Amino acid sequence: MGGRSTDGRTAADGSTDERATADGSTDARAIGVDVGGTFTDVALSLDGDLVTAKVPSTEDQSEGVVAGIEKACEAAGIDPESVTDFSHAMTVSVNALLENDGARTALVTTEGFRDVLEIGRQTRPSLYDLDAEKPTPLVPRRRRFEVAERATPDGIERPVAEEAVEALVADLREADVESVAVCLLHAYASPENERRVAERLREALDAPVSASHEVLPEFREYERTSTTVVDAYVRPAIDGYVGRLTERARDMGLPQPRIMQANGGVTDADTVRRNAVTTVLSGPAAGVVGASAAAATDADRDGLVTFDMGGTSSDVSLVRDGEVERTTESVIADRPIGTPMVDVETVGAGGGSIAWVDAGGALRIGPRSAGADPGPACYGKGGTEPTVTDADLVLGYVGADTDLGGDLSLDAEAARDALADLADEAGMDGPVAAALGVHRVANADMSRAIRSVTVERGHDPRAFGLVAFGGAGPMHAVSIADGLDIDRVVVPHASGVLSAYGLLAADETRDAVRTRQGPLGEVDAESVDAVYGELADRLSREVSDPDAARVEYAADLRYAGQSFELTVDVERPFDPAAAGERFAAAHESAYGYRADEPVELVNCRATATVPRSAPAIGSVGGGDAGPRTTREAVFPDGTYETPVYDRERFPADEEIEGPGVVEGAESTVVVPPGWGVRLRDDGALIAEVSDA
């Protein structure tokens, strides 16, 4: 919320100007649009000014994107045609996975390996549950096809026969598939057979073909197959959506959109249409990038815990040493995905998450959500089930006169009725008690997510600051921090649309990987360095500006006998001894010890980055020190007559003691008793444990 979210352009000094620039000239203007489960958020940068907007998400997400852009441009007093850069994050691919609504996909694999996708690993979803079931494969067995061929890490032993490929073409045509995944044995090292099959299928079929040596050229057959299948499964949806969005953008006079990838970087639309799996968790990645850019790590902190609570879910991640944590071992909707992505822990607890009572009488939250339509009961759009937002309204954290998204009024009576029904079902004493229970359970779910990215990975959450954003994040963040003994919460000025802001701050990023296995002490350093050189050459051909690109290198290493790796940074020319020492230090940090075992090299990685500058967010505080109004708010220790402050006029030179509520156009900060809040120079609100 760096500017006035819907009613004009706001400069760093707080003044508004409906013109593009003082002299009418056209300067660089960038817009970022993030689609969430409930709202579509927009951030428009105009040379140091930031205009934001929020509109309901639509079934065809591109319609909501257009509406949000039009709203932001109208507020800024500019024409969409004057926008020079358009970045976008969406939920198309992850929705297809979560809802099992992807393409009718076929899998082509090596003879004898048809069931790799179903067998998976020997790990079970629940170790002691004798009835535990693995997820249903995205490709049923009848659409898994085998081809006679054999490759090894050292080369091709049996080339694929032309007649076998033609027979495969006929089988796939008869199966009437919408997408094809090709994953042959050892194609990560010897891709000739897979390349030949994929090229012929692309010639013969009217369906996209995803080849594993292009999607994920790494060893481990199951993970490579799963990732390639996910890419094929979501690719038609991504291709269609990005195509529609590009056409709508062109009709509005906007440039072709850059799309946020799960790795935290943007790339061009044509690239993601060919590499759809890279868009999984696109929106959460944008939020983490925005949090890193908008909330600088304090010198006395190890880093930041990012906390994004939206309408459908909450996402938690870490920023350490100014760098966003990434992983190559994600599982989305029970599907392993091996491509690089921001390391995000997601729980199904958002503002629209529905509260319910399980068979044992316990209160539960989510994962089912009321979404944008009909939404929570308090939206007055036909929803009757109680949600976290309804609880926040009944507790007084949000006022009945609050406008969500700029034009959505709240129905307090509908919220109370929904929570009264929940109270009856749970045996609680009325809607307020039910609302406190909902608030407590939702916070507990989100606290577990924070522990999973801190305590469970060897980090003390008390040494981190908590960055809260999303429409509902700042409302819950201070209470969550209090329970985890985190004593500082940062709410950036663009907190309500920080994922959209992150799109403006995100660099262009491309990743490349190649498996190169062997004992680290025995590898030929020059040959490994040559692999890094080939990866760098490939990336330089793919980025938009090779001269501006910065290439960084990493290696996946492990102790001999281990089945998992740690990724450490390396330099060129490649130095095995230096890489081994970095791995030992990383292993000691993660697991508390170094082993007297040989170290193995597994994968070589390279990342090319073309930097983009994050737009500045100016402070607009310094108004009247007094509250705008007061209202009753219920906290665990009692009910308080609570002052309500306007964020745009929050006093700049003093700390306000809790309890208090700071309302902005897109998010609300709730400060419980025992905490205070102050305004930082960049417009961020800093909540800390009170000294009083």
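A: A salt bridge here is a side-chain nitrogen of Lys or Arg within 4 Å of a carboxyl oxygen of Asp or Glu. Please keep in mind that this is a predicted model.

Q: Which residues are linked in a network of salt bridges?

A: Asp 60, Glu 63, Arg 244 and Arg 248 are linked in such a network.

Q: And how many salt bridges does a search of the whole structure find?

A: The search finds 42 salt bridges.

Q: What does Asp 268 meet in a salt bridge?

A: Its side chain meets that of Arg 510, at 3.0 Å from N to O. Asp 268 lies in strand β12 (residues 266-268) and Arg 510 in strand β25 (residues 508-519), so the pair ties together parts that are 242 residues apart in sequence.

Q: Is Arg 510 buried or exposed?

A: Arg 510 is buried, with a relative accessible area of 7%. Asp 268, by contrast, is partly exposed at 29%.

Q: What about Asp 556, which residue does it form a salt bridge with?

A: Asp 556 pairs with Arg 605, and their closest N and O atoms are 2.9 Å apart. Asp 556 is in strand β26 (residues 550-559) and Arg 605 in strand β28 (residues 599-610), so these distant parts of the chain, 49 residues apart, are linked.

Q: Are those two buried or exposed?

A: Asp 556 is buried, with a relative accessible area of 3%. Arg 605 also counts as buried, at 9% relative accessibility.

Q: Staying with charge, which residues gather in a patch of negative charge on the surface?

A: The patch is made up of Asp 411, Glu 413, Asp 417, Asp 421, Asp 424 and Glu 425. Asp 417 sits in helix α11 (residues 412-426), and this residue is partly exposed, with a relative accessible area of 47%.

Q: Changing topic to helices: how many residues of α9 are buried?

A: Helix α9 is mostly covered, as 11 of its 13 residues are buried. Among them are Ser 282, Pro 284, Val 288, Val 289 and Ala 294. The helix covers residues 282-294 and reaches 18 Å from its first C-alpha to its last, close to the 18 Å expected at 1.5 Å a residue.

Q: Where is Asp 334, and what is its phi?

A: Asp 334 is in the loop between β17 (330-332) and β18 (335-337). Its phi is near 70 degrees, a positive value in a residue other than glycine. At 53% relative accessibility, Asp 334 counts as exposed.

Q: And what is phi of His 186?

A: Phi of His 186 is near 60 degrees, also positive in a residue other than glycine. His 186 is found in the loop between β9 (179-183) and α5 (192-204).

Technical notes:
Residues numbered from 1 in each chain as written. Predicted model: local features only at pLDDT ≥ 70, side-chain atom pairs only at ≥ 80, totals over all residues. Heavy atoms only, no water. Patch = residues over 30% accessible without salt bridge, like charges linked within 9 Å, V, L, I, M, F, W, Y side chains within 5 Å. Areas by Shrake-Rupley, 256 points an atom, 1.4 Å probe, with all protein chains shown as cover. Lys, Arg positive; Asp, Glu negative; His and termini not counted. Charge placed at Lys NZ, Arg CZ, Asp CG, Glu CD. Helix = DSSP H or I, 4+ residues; strand = E, 2+ residues; numbered from the N terminus. Buried < 20%, exposed > 50% of the residue type's maximum accessible area, 1.4 Å probe, protein only. Expected span 1.5 Å × (residues − 1).
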